[in-house]
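Morning, everyone. I'll take a few minutes on one model, going from the overall fold down to single residues. Please have the viewer open.

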Amino acid sequence: QEYEGAVTAARKAVSLAPQLPEPRAALAQIAFLMNRFDIVDEVLKENRDPQVLLRIGDLYVRFSKPQFALPLYQEILQTKPRWTAIWSRVADTFASLQRYDEAIAAARKYGELDPSEQGKVESFIATMENAKRGVK
């Protein structure tokens, strides 16, 4: 019942500030906690703001549904191809889906955009290469 009140409040916030992504992202987050994916779908139909897509993608990952996060992250990259945090998430998501070559490619792009993370990228790539060979 408390969640229903939170949904009502979030919907009101969306109506008061429809141009802002935060209320929609908050509404989606509340919906996730309620397992109300119909509300999540509603938010996605109404708004494709990168911040909303990011929040929903991260929620899918947190709730062990990376296959649903990946297209959202990829959509963000269509409009913001230099957003390093998304490249990192794409790499991790591909890895969790055991799509190792794609994870490596995304990690390389991340390292290209943020050279300060090259050590982390190299370690990630080595881990993916081992996973491809079945080494634990």
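First, terms: helices (H or I, at least four residues) and strands (E, at least two) are DSSP runs, numbered from the N terminus. By that count, the protein has eight helices and zero strands. From the N terminus on, the order reads α-α-α-α-α-α-α-α.

Now the ground rules. This is a predicted model, where local features need pLDDT of at least 70 and side-chain atom pairs count only at pLDDT 80 or more, while totals for chains, interfaces and linings use all residues. Residues are numbered from 1 along each chain as its sequence is written, and side-chain values use heavy atoms, with hydrogens and water left out.

Overall dimensions next. The C-alpha trace spans about 50 × 30 × 20 Å along its principal axes. Accessible surface comes to about 7,800 Å², and 51% of that belongs to carbon and sulfur atoms. Those areas are Shrake-Rupley, with a 1.4 Å probe; for residues, only the protein chains shown count as cover.

How much of the protein is buried? Of its 136 residues, 40% are. Buried means under 20% relative accessible area, exposed over 50%, partly exposed in between (1.4 Å probe, protein chains only).

On contacts, meaning heavy atoms within 4.5 Å: take the pairs at least 6 apart in sequence, and 46% of those contacts join residues at least 24 apart.

Let's zoom in on helix H4, residues 50-62. Its 13 residues reach 18 Å from first C-alpha to last, close to the 18 Å expected. The expected span is 1.5 Å times one less than the number of residues.

Which residues of H4 are buried? They are Pro50, Val52, Leu53, Leu54, Ile56, Gly57, Leu59 and Tyr60. Keep the helix geometry in mind here. An α-helix has 3.6 residues a turn, so residues three or four places apart point the same way.

Look at the ends of H4. At the start, a side-chain oxygen of aspartate 49 comes within 2.7 Å of the backbone nitrogen of glutamine 51. That is a polar contact: a pair of N or O atoms within 3.5 Å, where, within protein, one must be able to donate a hydrogen and the other to accept it, and residues adjacent in sequence count only if both atoms are side-chain atoms. After H4 comes serine 64, with a positive phi near 60°.

Stay on glutamine 51, which sits in H4. At 40% relative accessibility, glutamine 51 is partly exposed. Leaving out residues up to four places away in sequence, glutamine 51 touches Pro21 and Trp83. Tryptophan 87 is 36 residues along from glutamine 51 and 15 Å off, C-alpha to C-alpha.

Next, H5. Its 14 residues should span 20 Å at 1.5 Å a residue, and the end C-alpha atoms are 21 Å apart, which agrees. Its buried residues are Pro66, Ala69, Leu70, Leu72, Tyr73, Ile76 and Leu77. Their cover includes H3, H4 and H6.

Arginine 24 lies in H2. Arginine 24 is buried, at 9% relative accessible area. Beyond four places in sequence, its contacts are Val14, Pro18, Val43, Glu46, Asn47 and Val52. Serine 88, in H6, is also buried, at 15%.
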